[in-house]
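Reader: I would like to learn how to read charged pairs in a model, and then the overall fold. Could we take one feature at a time?

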Amino acid sequence: MNTSPPTQARPAHPSFREAFLYWLKLGFISFGGPAGQIAIMHQELVEKRRWISEHRFLHALNYCMLLPGPEAQQLAIYIGWLLHRTWGGIVAGVLFVLPSLFILAALTYVYLAFGNLTFVQGVFNGIKPAVVAIVVFAAWRIGSRALKNNVLWALAAASFVAIFVFGVPFPYIVLVAGILGYIGGRVMPDKFRVGGGHGASDKDYGPALIDDDTPPMAHTRFRWSYLVTLLIAALALWVGAMAMLEDPVLRDMGEFFTKAALLTFGGAYAVLPYVYQGGVETYGWLTGTQMIDGLALGETTPGPLIMVVSFVGFVGAWTKEIFGADALALAGMAGATVATFFTFLPSFVFILAGAPLVESTHGDLKFTAPLTGITAAVVGVVLNLALFFGWHVIFPRATEAAPFAGGFEWFYALISLAAFIALWKYKQDIMKVIAACGAIGLVFTYLR
């Protein structure tokens, strides 16, 4: 039922400046992870400004859900491209992450420079158990949505065993899960028809600028010349950026985070084990405890959660003292910038190259069966991540040789349990849970 007045006019096309200011504002208020960020965009762009209709919004989101990378940022690129061509998409995507980069870099500097202060330690002592609860809650939330039958449960269990027991690298788990999903979609389609996107909605907020019946704009039509030019430009940008990185640590970061960007199926929580394996075990940029602290900072700042890579880059360049002991802050900012640039560059290519193909038909997207398989496997991977974080928090002095040494931190275990109940049963906001846990940790640290 259409609740809008029949005489409601179609909104005027926003100027580039108007869109620029909106994307800048979004970069500062995009809290709440992908779901929160998508909800913020929907409320503003579909309901209030009516720059795009409900169905077109969901159609674009469906495509973004199929890609590796942060779907909320990719959705911003897509809508920015629809409104103001290629530069509109670039501006939307850059402003979505730029405020987060500077905020997170500043917080990381405070963390490294003043982390030994009792106040800072106390706050993090409370936030770390909250992070464990958040990751467990993420596993539950993804699992409740994705694991609709025994086949997908088995795939999730197999991925957990593969990474927890056998230490199989995350990229191989993604690859195998995608192949099994593709095969399963052909052999038993009913079992693999449950994942992959968002359904359509019957809500109507009035005529939109980009509406269901809006004829395709000239720049949205697929052109081979545009695709080839875009791919050449992106490759030249990547090669040029790599050539500028003379320090071996920054070069390793450029290569590593490019790979990470191509493997973020299932969101940030899914790629965190891969970032951990590379950042902690392979390159030694940071410790496992610091990785938890980075995730805590990522949860409390705007922007995609995958922005935790800027924390990893900052800490890694600082730890390796790439510019010498007297320029640690500059080194950290360089590392954070490199990690962010190479992580997000592929997202622009995926959207700007693929969006014209998606716009050419407004039918349902295909190839969701591999995504369903990957999403099921992600549940097992995220559960492994939760156990890893929980082990570091509850047994902080343990080692792999003695996994339960050093005593059980019962208070932190209680904080994790309380935080999970607040998120799961009482539907509390993540930011409020983190703030409350940080305050409790601060008081407990001073008392102890």
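Reader: Which residues are linked in a network of salt bridges?

Author: This is a predicted model. Side chains of opposite charge can pair when their charged atoms come close. Here E18, E44 and R49 are joined in a network of salt bridges. One of the pairs is R49 with E18, at 4.0 Å from N to O. R49 sits in the loop between α2 (33-48) and α3 (54-65) and E18 in helix α1, so this pair ties together parts that are 31 residues apart in sequence.

Reader: How many salt bridges does a search of the whole structure find?

Author: The search finds seven. Among them is the pair R10 and D211, whose side chains meet at 3.5 Å, N to O. R10 belongs to the segment before α1 (16-29), while D211 is in the loop between α7 (170-187) and α8 (224-244), so the bridge ties together parts that are 201 residues apart in sequence.

Reader: What are the relative accessible areas of R10 and D211?

Author: R10 has 43% and is partly exposed. D211 has 13% and is buried. Under 20% is the cut-off for buried.

Reader: Where do K128 and D293 lie?

Author: First, the pair itself: K128 forms a salt bridge with D293, and their closest N and O atoms are 3.5 Å apart. K128 is in helix α5 (residues 118-146) and D293 in helix α11 (residues 288-299), so the bridge ties together parts that are 165 residues apart in sequence. Both residues are buried.

Reader: What does H392 touch, leaving out residues up to four places away in sequence?

Author: With those set aside, H392 touches G288, T289 and I292. H392 itself is in helix α14 (residues 368-394). Its relative accessible area is 19%, so H392 counts as buried.

Reader: Now a loop residue. Where is E321 found?

Author: E321 is in the loop between α12 (308-319) and α13 (328-359). E321 is partly exposed, with a relative accessible area of 40%. A C-alpha distance can be read alongside the sequence separation. E321 and A331 are ten residues apart along the chain, and their C-alpha atoms are separated by 6.8 Å.

Reader: On to the fold. How many helices and strands are there in the protein chain?

Author: The protein chain has 16 helices and zero strands. Its radius of gyration is 22 Å, close to the 22 Å that the globule rule gives for 448 residues, so the chain is as compact as a globular protein of that length. Along the principal axes, its C-alpha atoms fill a box of roughly 70 × 55 × 40 Å.

Reader: What share of the residues count as buried?

Author: Of the 448 residues, 55% count as buried. The protein chain exposes about 20,300 Å², and carbon and sulfur atoms supply 67% of that area.

Reader: Among contacts between residues at least 6 apart in sequence, what share join residues at least 24 apart?

Author: In the protein chain that share is 77%.

Reader: And how far apart are the mean positions of the positive and negative charges?

Author: The protein chain has 27 positive and 25 negative charges, and their mean positions are 5 Å apart.

Key:
Residues are numbered from 1 along each chain as its sequence is written. This is a predicted model: local features need pLDDT of at least 70, side-chain atom pairs count only at pLDDT 80 or more; totals for chains, interfaces and linings use all residues. Side-chain values use heavy atoms; hydrogens and water are left out. Helices (H or I, at least four residues) and strands (E, at least two) are DSSP runs, numbered from the N terminus. Buried means under 20% relative accessible area, exposed over 50%, partly exposed in between (1.4 Å probe, protein chains only). The radius of gyration is taken over C-alpha atoms; the globule rule is 2.2 Å times the number of residues to the power 0.38. Contact means heavy atoms within 4.5 Å. Accessible areas come from the Shrake-Rupley method with a 1.4 Å probe; for residues, only the protein chains shown count as cover. Lys and Arg count as positive and Asp and Glu as negative; His and the chain ends are not counted. The place of a charge is taken as NZ of Lys, CZ of Arg, CG of Asp or CD of Glu.
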